[in-house]
Amino acid sequence: MLNPLSLVSPRALRAALRDRLTFRAKLAAAFTALFFCAGAALLIFVTVLARQGTMEQFASITTDHTAGPTAPQPTSSTSSAPSGPTRPGPADSTWSRQQAEDARLARVEVTNRLQETAVRQMVLWSAVGLAVMAVLSGAMGWWLAGRALRPVRKVILAARRMSEENLHERLQLTGPRDELRELGDTYDTMLDRLERSFTSQRRFVANASHELRTPLAAQRTSIEVGLADPLPAHLIPVREDLLITNREAEHLIAALLLLARSDRGLDETKDTDLAELTRQAADELSSLAAEHTVVTAVHTTPLAVNGDPVLLKHLASNLVRNAIQYNHPQGTVTVRIDDARRLTVTNTGPRIDPTRVDGLFEPFRRLDRDRTAVHGHGLGLSIVRSIATAHGGTVTAAPGPAGGLRVEVQLPTTR
């Protein structure tokens, strides 16, 4: 049977393992590998030198004992010769040398066995000790890597907690002026810039809300008063066009300010029933549905969401309004909150190219390429996505099989 790992090259396998390991694991593995390589080199070095040294020592010991004791002189019980030195014969000399050689070879064999046993035991227990120390060094490396990366972990947790409400928090790392301290200081500097930017944006939105709406309100009042009835017949359409233009400008400014507000995030949140807000939005848009001869069907179950009620109602209102405006006469709009705890709005509008669906969530994007062909400013779905993102949710859209659009909003819910 073919092994699947045999189809993967060693380089690709190493790259896959390297990508899956965390930096802490890589650092601990590096400590372990460094200790193991150093220990293996030390073991080889000691083994070679010990073997060479014992061979020399045993060789010198063997040389010192090569001569050994002299062979005993043979005596004859039948000899009655008077005492006096006797000289060994040739046979006795040969027997003595053979005996000495046999003794030397025996000692050499014993010496070699002792040497091999000693080296084998040293290598065995040194390898066991090396393995145990490698495991301990890996655990120690993991602990040391954790301590070394603790400031980085602190930066990560602070970045995850960061939002518009806690931009005033700072890390303020202490310790020597090293790379980790510089990383913390850089993060604090970035928060300073972000805090100034968000403060400036809040101030701009508040000022723009007042400065832009006030002139438009004054302009509408001037049109209504200055062109009040009785009015020549040819000026009546002009007045209506001016009022419509003024009203569209107010709606555009309100939509832009709502988009800016949702992009900033949530100021205050509370538990809200999204189903109730959705029904209210559909009821308020019933006149618009009647104007477009569109039938709206609402099927909801209670859906508790922790968020901003005003923004959530705008989310539902924009979804229903878009479904009504971009629909066929005598079409339908279905609003549903199902057991999966998601808000779905479906209409029976014209067919939509699937490649253009994602672009509908961009500001000022419409289905019709002509910006003046339909009412609206192309901000509805942009506002929906921004509000959903501010609440930690997601928005997906897909064209219907017979035309129209299906938009699903999934929000974190409170049980």
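At 64% relative accessibility, Q330 counts as exposed, a word used here for over 50% relative accessible area, while buried stands for under 20% and partly exposed for what lies in between, with a 1.4 Å probe and protein chains only. The model is predicted, so that local features need pLDDT of at least 70 and side-chain atom pairs count only at pLDDT 80 or more, whereas totals for chains, interfaces and linings use all residues. Residues are numbered from 1 along each chain as its sequence is written, and side-chain values use heavy atoms, with hydrogens and water left out.

Most residues other than glycine have a negative phi.

Helices (H or I, at least four residues) and strands (E, at least two) are DSSP runs, numbered from the N terminus.

A nonpolar core is a set of buried Ala, Val, Leu, Ile, Met, Phe, Trp, Tyr and Cys residues joined through side-chain atoms within 4.5 Å. The largest one here has 40 residues, and L315, L319, L343 and V409 have the most contacts inside it. Among the elements that give two or more residues to this core are α6 (236–264), β5 (342–347) and β7 (405–410), and its largest share, seven residues, comes from α9. Leaving aside residues up to four places away in sequence, L315 touches L343, V384, I387, A388 and V409, where contact means heavy atoms within 4.5 Å. Apart from this core lies another, of seven residues, including A158 and Y187.
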